[in-house]
Structure formats: C-alpha cells, structure tokens
Amino acid sequence: YCLTTYQNTMMASATANNNPLDYPLRLCESVAFILHGILGLCEPFTGCLRSTFQDNGAMPTWFWPLAGSVLICVAIINFRGNDVVILMNQAYIAAFHMGGVLYHNSLGHHPASGVGPGMFVFLAFAVACMRAPIWMAFGGLMVCYVFAVGLAKVLVKPKAASDAGRSDESARLLRVD
C-alpha cells in the first residue's frame with residue numbers, strides 16, 4: 001500500500017526531481033562520504049579514527065574498513081536517477097549516522113560530538129522529504145532509528161581505559177582512592 005501511495009504521489013507531482021536543493025544536498029553528502037570512506041579504509045593501517053575518538057577498542061576492528069567501503073558505495077549510488085534507490089540510500093545514511101550519534105553518546109563524549117553525524121541525519125531526511133511524502137520520510141526515519149539502536153547495542157562495547165591495554169600499574173595510578 002505504501003509503495004502504491006508513493007508511486008501515485010510521484011506520478012501526480014514532478015517536484016521530487018525538480019527541487020533545486022536535491023542535487024546540492026546529495027553532493028554534500030557524497031563528498032563527505034568519500035572522504036570518510038577513505039579514512040575508514042585506511043583505519044587498520046593508521047589508527048587515526050580510533051585514536052581521535054578515543055574509543056579504546058569499543059568498535060570491532062573490521063567495522064572501520066567495512067563502513068568505509070560502504071560509505072564510498074553510498075556516495076556513488078547517491079547519484080542514481082531512481083527515486084527508490086535514492087530513498088533507500090538516504091535510509092542507510094540516516095541509520096548509519098544515527099548510529100554515529102549513539103556511538104559518541106555511549107563512549108561518554110561531549111553531547112556536541114553528535115552534531116556532526118546528526119547533520120547527515122537531517123540532510124538524509126531533507127532529501128527523503130523532497131522525494132516522498134513527509135509522513136513516509138518520518139516513518140522511515142523512525143525505522144532507521146530503531147535499526148541504529150539495535151546495531152549500536154551489538155557493535156559498540158565501551159571499554160574502560162584499563163581494559164584497553166594499559167598495565168595494571170598505570171590503571172592504578174589513574175584511580176582516585
């Protein structure tokens with residue numbers, strides 16, 4: 001039913017492909033994803049993301065290159081002309097970046113650290129609203145949130161500094177008795 005409603009809406013209105021902000025928003029997403037994808041692919045060799053985020057091994061090591069390669073694919077697919085493909089792409093973008101917000105939150109980072117990934121959730125929602133009815137975009141956003149929460153619970157395992165390879169002596173020195 002939802003797909004039929006969506007198709008009828010799209011046939012009745014050609015505004016989805018004519019919105020002047022659609023292409024620039026997807027371009028911003030894709031440029032950022034290619035850059036972040038390269039960082040993710042290089043992570044096993046550089047350790048730059050893990051050290052910057054100070055996650056102490058909270059994410060599995062295989063996650064970063066996998067996420068990097070998927071982000072590069074998303075950046076490329078973001079320019080396909082098919083509305084359904086672009087909407088699915090935006091759903092992935094929203095879920096992935098909601099997961100980023102949850103990742104920073106579970107590591108105890110400052111709440112402002114969620115603004116970066118949160119911005120891409122907003123961009124994905126905006127692009128989805130340009131291509132589908134707002135109720136459908138909002139419903140999709142809620143489904144993506146549930147998916148992101150589930151994946152964050154499975155993947156993000158915050159570790160204390162003593163669990164991340166510090167010696168017992170240095171961990172003892174960090175404790176306040």
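Reply: The second largest pocket has 20 lining residues, and those nearest its centre are Leu87, Met88, Ala91, Met136 and Gly140. A pocket here is an open set of points on a 1 Å grid over the protein atoms alone, where a 1.4 Å probe fits, with protein on both sides within 12 Å along at least five of seven lines; lining residues have an atom within 4 Å of a point. Two or more lining residues come from each of α1 (2–12), α6, α7 and α8. Helices are DSSP runs (H or I, at least four residues), numbered from the N terminus. Helix α8 gives the largest share, eight residues.

This is a predicted model: local features need pLDDT of at least 70, side-chain atom pairs count only at pLDDT 80 or more, and totals for chains, interfaces and linings use all residues. Residues are numbered from 1 along each chain as its sequence is written, and side-chain values use heavy atoms, without hydrogens and water.

The second largest pocket has a volume of about 440 Å³. Volume is the space filled by probe spheres set on the points, which are joined across faces, edges and corners. Its lining has 17 nonpolar residues, three polar and no charged. Nonpolar covers Ala, Val, Leu, Ile, Met, Phe, Trp, Tyr, Cys and Pro; charged covers Asp, Glu, Lys and Arg; the others, Gly among them, are polar.

Now the largest pocket. Its volume is about 810 Å³. The lining has 35 residues, with Phe63, Ala67, Phe96, His97 and Gly100 nearest the centre. Helix α6 gives the most to this lining, nine residues. By class, the lining has 27 nonpolar, eight polar and no charged residues.

Asn82 caps the N-terminal end of α6, with a side-chain oxygen 2.9 Å from the backbone nitrogen of Val84. Just after α6, Gly108 has a positive phi of about 80 degrees.

Last, confidence. The average pLDDT (the predictor's confidence in each residue, from 0 to 100) is 83 for the protein. Residues 10–16 stay under 50.

How values were computed: Contact means heavy atoms within 4.5 Å. A polar contact is a pair of N or O atoms within 3.5 Å; within protein, one must be able to donate a hydrogen and the other to accept it, and residues adjacent in sequence count only if both atoms are side-chain atoms.
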